[in-house]
Amino acid sequence: MKDTPRQRRRGRRPSADGERKDRVIQTRVPQDLEDSLRTAAERERVTVSHLIRNVLEDSFRLVDGIVADSSQLVDNVARDARRLASAAKGQPREPVAFVPADQGGTVARALLESVDAWQEVIVNRPTQCTRCGIALPRGHQALRGLTTEPAAPVVWLCHDCLARDADD
């Protein structure tokens with residue numbers, strides 16, 4: 001005789017792990033919500049289960065997006081509030097670290113890509129080339145980027161970078 005007790009199972013044998021369906025979650029809902037779910041499922045031509053699964057997935061995706069966006073918004077508002085407070089106190093603006101496009105600056109690269117045309121000008125205030133970072137002193141000839149985006153920062157280009165672009 002066997003020493004191990006025989007296990008009794010109801011119904012058919014369980015499927016292998018790879019063949020099992022998604023997990024089942026049950027919940028009770030009021031009659032009017034059930035009616036709304038059935039109507040919406042019929043309208044979308046899906047089962048009520050699929051409708052609920054889609055709604056849950058979309059809701060979580062939406063919430064994740066809102067959380068990420070609100071986090072970025074909070075950072076932007078805090079930065080702007082610090083700038084306004086500094087300006088109100090008469091403190092000079094904190095310098096922003098600028099990384100030229102040739103040195104891996106992703107912001108500089110995006111600014112260069114937004115330029116529609118270049119206008120040759122004589123620089124009045126010292127600045128630097130957005131691509132290579134070379135200093136562009138007052139009185140120096142340079143190119144100013146023209147774009148259709150009204151709030152975009154000014155994009156500067158030295159003549160060497162323009163000639164290099166023409167060779168590419």
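Modeller: Arg-131 counts as buried because its relative accessibility is 15%. Buried means under 20% relative accessible area, exposed means over 50%, and partly exposed lies in between (1.4 Å probe, protein chains only). This is a predicted model, in which local features need pLDDT of at least 70, side-chain atom pairs count only at pLDDT 80 or more, and totals for chains, interfaces and linings use all residues. Residues are numbered from 1 along each chain as its sequence is written, and side-chain values use heavy atoms, with hydrogens and water left out.

Arg-131 sits in the loop between S2 and strand S3 (135-136). Helices (H or I, at least four residues) and strands (E, at least two) are DSSP runs, numbered from the N terminus. Which residues does Arg-131 contact, leaving aside neighbours within four places in sequence? They are Pro-100, Ala-101, Asp-102, Leu-112, Trp-156, Leu-157, Cys-161, Arg-164 and Asp-165. Contact means heavy atoms within 4.5 Å.

Take Leu-112 from that list. Leu-112 is a buried residue of helix H3 (residues 106-113), along with Ala-108 and Leu-111. Down the axis of H3, the buried residues fall within an arc of 100 degrees, so they line one face of the helix. The arc is taken from the directions between the helix axis and the C-beta atoms. In general, an α-helix has 3.6 residues a turn, so residues three or four places apart point the same way. Thr-106, Val-107 and Glu-113 are exposed on the other side of H3. The buried residues of H3 pack against strand S1 (117-122) and strand S5 (156-157).

Now the sheet. S1, S4 and S5 form an open sheet in the order S1-S4-S5, with antiparallel pairing. S1 and S5 are the edge strands, each pairing on one side only. Two strands pair if DSSP finds at least two bridges between them. Strand S4 (residues 141-146) and S5 are joined by two bridges. Leu-157, a contact of Arg-131, is the bridge partner of Leu-143.

H3 and strand S2 (127-128) each supply at least two lining residues. H3 gives the largest share, four residues. The lining of this second largest pocket has 13 nonpolar, six polar and two charged residues. Ala, Val, Leu, Ile, Met, Phe, Trp, Tyr, Cys and Pro count as nonpolar; Asp, Glu, Lys and Arg as charged; the others, Gly among them, as polar.

Last, the whole chain. There are four helices and five strands. Of the 168 residues, 15% count as buried.
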